[in-house]
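Me: I am new to this structure. Can you show me how to read its features, one by one?

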Amino acid sequence: MDPIISVEGLIKQYKDVIAVNNVSFDIQHGTCFGLLGPNGAGKTTTIEMMEGLTPPSKGQIKLFSKTLTKAALDQIGIQFQQTALQDFLTVTETINLFASFYKNTLATDTLITMCDLVEVKDRNHQKLSGGQKQRLLLALALVNDPQIIFLDEPTTGLDPHARRNFWDLLTEIKNSGKTIIITTHYMDEAQYLCDEIAIMDRGEIIAHNSPDNLLQQHFSGAIIRLPKPNLEGHTLPSGTRPYGDGFYDIDAINVEKTITELLSQGISLDGLQVKSANLDDLFIKLTGHALTGPTIDVKAGE
Ligand SMILES: Nc1ncnc2c1ncn2[C@@H]1O[C@H](COP(=O)(O)OP(=O)(O)OP(=O)(O)O)[C@@H](O)[C@H]1O
């Protein structure tokens with residue numbers, strides 16, 4: 001089957017900033033595709049081009065195997081963060097208002113049930129919690145029963161419980177056959193939701209695959225994390241990189257052997273942690289800097 005979205009050689013240049021630099025990928029029907037990366041990586045610009053909101057400087061985007069047409073764009077739903085909602089309307093009235101803009105729509109009751117808004121359906125939308133507001137914005141994105149849904153950092157600012165609920169909701173929506181494109185800073189979110197991810201940094205895609213495949217490609221075995229002072233004055237084992245300001249991570253194919261080697265060099269194991277790699281670790285390994293926070297140096301031996 002042809003991909004539902006195909007992006008090739010996409011470039012977006014603002015005056016002196018190349019926001020997106022030669023990005024290409026395909027997205028398959030019924031999958032969740034994640035664009036990940038730190039602030040300014042180019043995620044929003046990339047999805048705004050796919051949504052037809054920002055024209056590319058170069059490159060090609062195909063939805064349903066066709067270049068962006070009005071008919072194709074009618075089949076997408078966008079969850080806007082800053083949607084200006086009409087004051088004093090209830091949740092139900094807000095959905096009805098949005099539905100009036102489209103010819104083909106899902107029933108308001110269906111959307112309310114689907115997005116877990118039954119308890120607040122008669123509440124003024126300005127009185128919703130953060131999680132409820134996100135679910136309303138998702139319902140609005142689903143109003144025209146789109147095949148493709150775009151979400152730009154939908155869980156930023158939500159508490160862990162609300163984030164988890166939102167993930168479950170997105171999983172149900174994906175299982176109903178829709179294709180989801182999501183941008184996020186949160187690697188755990190991507191790992192939970194996405195079938196495929198593209199990690200962006202400084203406008204470029206630096207890795208693209210399923211989360212599991214990416215982890216298998218870049219890590220074999222476990223990570224041993226030690227406080228930095230433990231390694232001061234010692235030659236750093238190969239496969240060592242800083243983790244934040246206070247730790248070193250060592251890739252260990254064989255944990256027992258690596259620990260024996262550390263001990264034989266007189267390195268203290270106080271505060272040692274052994275963990276399996278996640279996408280945060282992958283991002284640091286690929287870029288040398290954390291997803292958020294200050295840049296850190298990855299060169300071992302310095
Ligand atoms: N309209 C614009 N004019 C000039 N530069 C822009 C414009 N929009 C985005 N940029 C720049 O393009 C780069 C990518 O921005 P973009 O918003 O796509 O990143 P992002 O990965 O979505 O970041 P965030 O997670 O903070 O939303 C940044 O350097 C940004 O300042």
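Reply: Start with burial. A residue counts as buried if 20 or more other C-beta atoms lie within 10 Å of its own. It counts as exposed at 12 or fewer, and as partly exposed in between. Keep in mind that this is a predicted model.

Me: Which residues of α11 are buried?

Reply: In α11, the buried residues are Leu-279, Asp-281, Leu-282, Phe-283, Ile-284 and Thr-287. Just past the end of α11 comes Gly-288, with a positive phi of about 80°.

Me: How do I read a pair of packed helices?

Reply: Two numbers describe such a pair: the angle between the axes and the distance between them. Take helix α8 (residues 211–218) and helix α11 (residues 279–287). Their axes come within 10 Å and cross at roughly 50°. Angles under 35 degrees count as roughly parallel, and 65 to 115 as roughly perpendicular. The crossing is left-handed.

Me: Which residues make the contact of α8 with α11?

Reply: From α8 come Pro-211, Leu-214, Leu-215 and His-218. From α11 come Leu-279, Leu-282 and Lys-285. By class, five are nonpolar, one is polar and one is charged.

Me: At what angle do α3 and α5 cross?

Reply: The axes of helix α3 (residues 91–99) and α5 cross at roughly 25° and come within 9 Å. That angle is under 35 degrees, so α3 and α5 are roughly parallel to each other. Their crossing is right-handed. On the α3 side, the contact is made by Val-91, Thr-94, Ile-95 and Phe-98. On the α5 side, Leu-136, Ala-139 and Leu-140 take part. Six of these contact residues are nonpolar, one is polar and none is charged.

Me: Is Leu-140 buried or exposed?

Reply: Count the neighbours. Leu-140 has 23 other C-beta atoms within 10 Å, so Leu-140 is buried. Leu-140 sits in helix α5. Sequence and space can be read together here. Leu-140 and Thr-94 are 46 residues apart in sequence, and their C-alpha atoms are 8.3 Å apart in space.

Me: Where is Val-143?

Reply: Val-143 lies in the loop between α5 (130–142) and β7 (148–152). With 21 other C-beta atoms within 10 Å, Val-143 is buried. Beyond its neighbours within four places in sequence, Val-143 is in contact with several residues, including Ile-95, Phe-98 and Ala-99. Tyr-102, Thr-105, Leu-106 and Leu-111 are also among its contacts.

Me: Which residues other than glycine have a positive phi?

Reply: Ser-65 is one of them, with phi near 65°. Ser-65 is in the loop between β4 (58–63) and β5 (66–67). It has 11 C-beta neighbours inside 10 Å, so Ser-65 counts as exposed. Glu-153 is another case, with a positive phi of about 50°. Glu-153 is in the loop between β7 and α6 (160–175). With 17 C-beta neighbours inside 10 Å, Glu-153 counts as partly exposed.

Me: What surrounds the ligand?

Reply: The residues around the ligand include Tyr-14, Val-17, Gly-37, Asn-39, Lys-43 and Thr-44. β2 (17–27) and α1 (43–50) each supply at least two residues of this shell. α1 gives the most, with three residues. By class, the shell has four nonpolar, six polar and one charged residues.

Methods
Residues are numbered from 1 along each chain as its sequence is written. This is a predicted model: local features need pLDDT of at least 70, side-chain atom pairs count only at pLDDT 80 or more; totals for chains, interfaces and linings use all residues. Helices (H or I, at least four residues) and strands (E, at least two) are DSSP runs, numbered from the N terminus. Two residues are in contact if their C-beta atoms, placed from the backbone, lie within 7 Å. Axes are lines fitted to C-alpha atoms, for helices over the stretch in contact, and angles run from 0 to 180 degrees between N-to-C directions. Angles under 35 degrees count as roughly parallel, over 145 as roughly antiparallel, 65 to 115 as roughly perpendicular and the rest as oblique. A crossing is left-handed if the near helix is turned anticlockwise from the far one by less than a right angle, and right-handed if clockwise. Ala, Val, Leu, Ile, Met, Phe, Trp, Tyr, Cys and Pro count as nonpolar, Asp, Glu, Lys and Arg as charged, and the others, Gly among them, as polar. A residue is near a molecule or strand if its C-beta atom, placed from the backbone, lies within 6 Å of it.
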